[in-house]
Amino acid sequence: CGLRYFYRYVLGIRPPDIPEFDPEVWLDPRNRGSLLHEVYELTLKDARTRGIEVLSSEFEALALQHLQMACFKWRGLVPPPSPTVFERERAELRADVTAFCTMCRDDGARWVDLEVSFGNEEKQPVLVPLLGGRIKLQGRVDRVDETEDGELVVIDYKTGSAAPYKGVSFDGGRRLQHYLYAIAVEQLLGKKVTRMEYRFPTSR
């Protein structure tokens, strides 16, 4: 449909998100993921600023403190259907943040950058060379770690189910995030990316 193409790709118009009320649910998967990403980023940055090691009990306490602030902020943005639902989901989020802290203790959280955005109007463009030309990439990397050899590891948090990612690396050529994000980070940070990993920092 030419008109649909014009609206979507020329004018950049998208249909509005119309939330459906569910008396048993506070945050939908997208908002829940946004809240958790926010808590993970702020916890790591704040811990480094304060000199708190990921192995200490203070790290988890700090993460839960950021979770509490995020929950009250999101409660103002997305009113929960009832206090009972709010408290139930907040308890689930506490379990997710505790799982994130365990992951950080296991891997050391040797991060060099967080929430690296690229390709939008205000950020540095990332160009990928192809046969016959180049394409521009736009995206955001959740976390970049550094190995002991000085090479980089790109980490992407997934707060949903791990099932779609089991047993398939590139999903028959339909999943190229590993390759494209590695190119982007190498261009932006000027160091070699040795690998990219999906992390599932939730209780599930």
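Which residues does Val-97 touch, not counting residues up to four places away in sequence? They are Leu-36, Val-39, Tyr-40, Ala-63, Leu-64 and Leu-67. Touching, or contact, means heavy atoms within 4.5 Å.

## About the model

This is a predicted model: local features need pLDDT of at least 70, side-chain atom pairs count only at pLDDT 80 or more, and totals for chains, interfaces and linings use all residues. Residues are numbered from 1 along each chain as its sequence is written, and side-chain values use heavy atoms, with hydrogens and water left out.

Val-97 belongs to the largest nonpolar core, which has 32 residues. A nonpolar core is a set of buried Ala, Val, Leu, Ile, Met, Phe, Trp, Tyr and Cys residues joined through side-chain atoms within 4.5 Å. Buried means under 20% relative accessible area, exposed over 50%, and partly exposed in between (1.4 Å probe, protein chains only). Leu-35, Leu-44, Phe-59, Val-97 and Phe-100 touch the most other members. At least two residues of this core come from each of α2 (29–50), α3 (57–77), α4 (83–107), β1 (111–118) and β5 (152–157). Helices (H or I, at least four residues) and strands (E, at least two) are DSSP runs, numbered from the N terminus.

## Helix α5

Helix α5 covers residues 177–189. Its 13 residues should span 18 Å at 1.5 Å a residue, and its end C-alpha atoms are 18 Å apart, which agrees. The expected span is 1.5 Å times one less than the number of residues.

Several α5 residues are buried, among them Tyr-181, Ile-183 and Val-185. Their cover includes β1, β2, β4 (139–146), β5 and β6 (193–199). Just after α5, Gly-190 takes a positive phi of about 70°.

## Salt bridges

The structure holds 19 salt bridges. In each, a side-chain nitrogen of Lys or Arg is within 4 Å of a carboxyl oxygen of Asp or Glu. Glu-24 pairs with Arg-88, with the closest N and O atoms 3.9 Å apart. Glu-24 lies in the loop between α1 and α2 and Arg-88 in helix α4, so the pair ties together parts 64 residues apart in sequence.

Asp-107 and Arg-143 also meet in a salt bridge (3.3 Å, N to O). Asp-107 is in helix α4 and Arg-143 in strand β4, 36 residues apart. Arg-143 counts as buried, at 0%.
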